[in-house]
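The following note sets out some points for a colleague who wishes to examine this structure residue by residue. Please read the points alongside the display.

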Amino acid sequence: SWVLGGLAFSKPRVIAFGFAAGITAMSVLFLQRTRLGKAIRATSQSREVAMVCGVNVGRIHMLTFGLGSALAAAGGGLLAVIVAIQPEMGGVWTFKSFLVIVLGGAGNYPGALLGGLLLGLVEQLASLFLTTQLSEVVAYVLLVVVLLVRPTGLLGGRQT
């Protein structure tokens, strides 16, 4: 493991973090800087307007599904480096993904990043002061609090 100050980081986690940060940066750049990324964003905002502008919406839907599947596979591959793989493990990660979307705001990419960082910080602080099992409960409580206080997420949902 690597030690930075008083913190110790395992090599697989640092490598997985580096790959995840790189994939995230490439995804953002792709969506913001390329013509295909612009077509994806246009189609997500208004299918009809994108069609009027000459975007092949069916093709964009297929490409977006493929890209989303590839990103999910990359996330699963990075996760496999850190935790043991089990057939029933998907439920926990699906809930955490849903919680990140709710925390940040649906359709809000920076919000999802903020939601993921907040969830990780809250869970780790809860497991530090409580038990690991109670840190899962804290995640559920966080979900309920955010839905009660700010139903559109911390940074708000997608504006239409």
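**Notes on the predicted model**

1. Helix α7 makes the greatest contribution to the nonpolar patch, supplying 7 residues. The model is a predicted one, and the points below should be read accordingly.

2. At least two residues of the patch come from each of α6 and α7 (132-149).

3. Is Glu123 buried or exposed? Glu123 counts as buried because its relative accessibility is 10%, and the cut-off for burial is under 20%.

4. Which residues does Glu123 touch, once those up to four places away in sequence are set aside? The contacts of Glu123 are Lys96, Ser135, Glu136 and Ala139.

5. Cys53 belongs to the loop that lies between α3 (47-52) and α4 (57-82). The relative accessible area of Cys53 is 62%, so Cys53 is classed as exposed, the threshold for that class being over 50%.

6. Cys53 may also be located relative to Ala39. In sequence, 14 residues separate Cys53 and Ala39, and in space their C-alpha atoms are 9.5 Å apart.

Conventions:
Residues are numbered from 1 along each chain as its sequence is written. This is a predicted model: local features need pLDDT of at least 70, side-chain atom pairs count only at pLDDT 80 or more; totals for chains, interfaces and linings use all residues. Side-chain values use heavy atoms; hydrogens and water are left out. Helices (H or I, at least four residues) and strands (E, at least two) are DSSP runs, numbered from the N terminus. Buried means under 20% relative accessible area, exposed over 50%, partly exposed in between (1.4 Å probe, protein chains only). Contact means heavy atoms within 4.5 Å.
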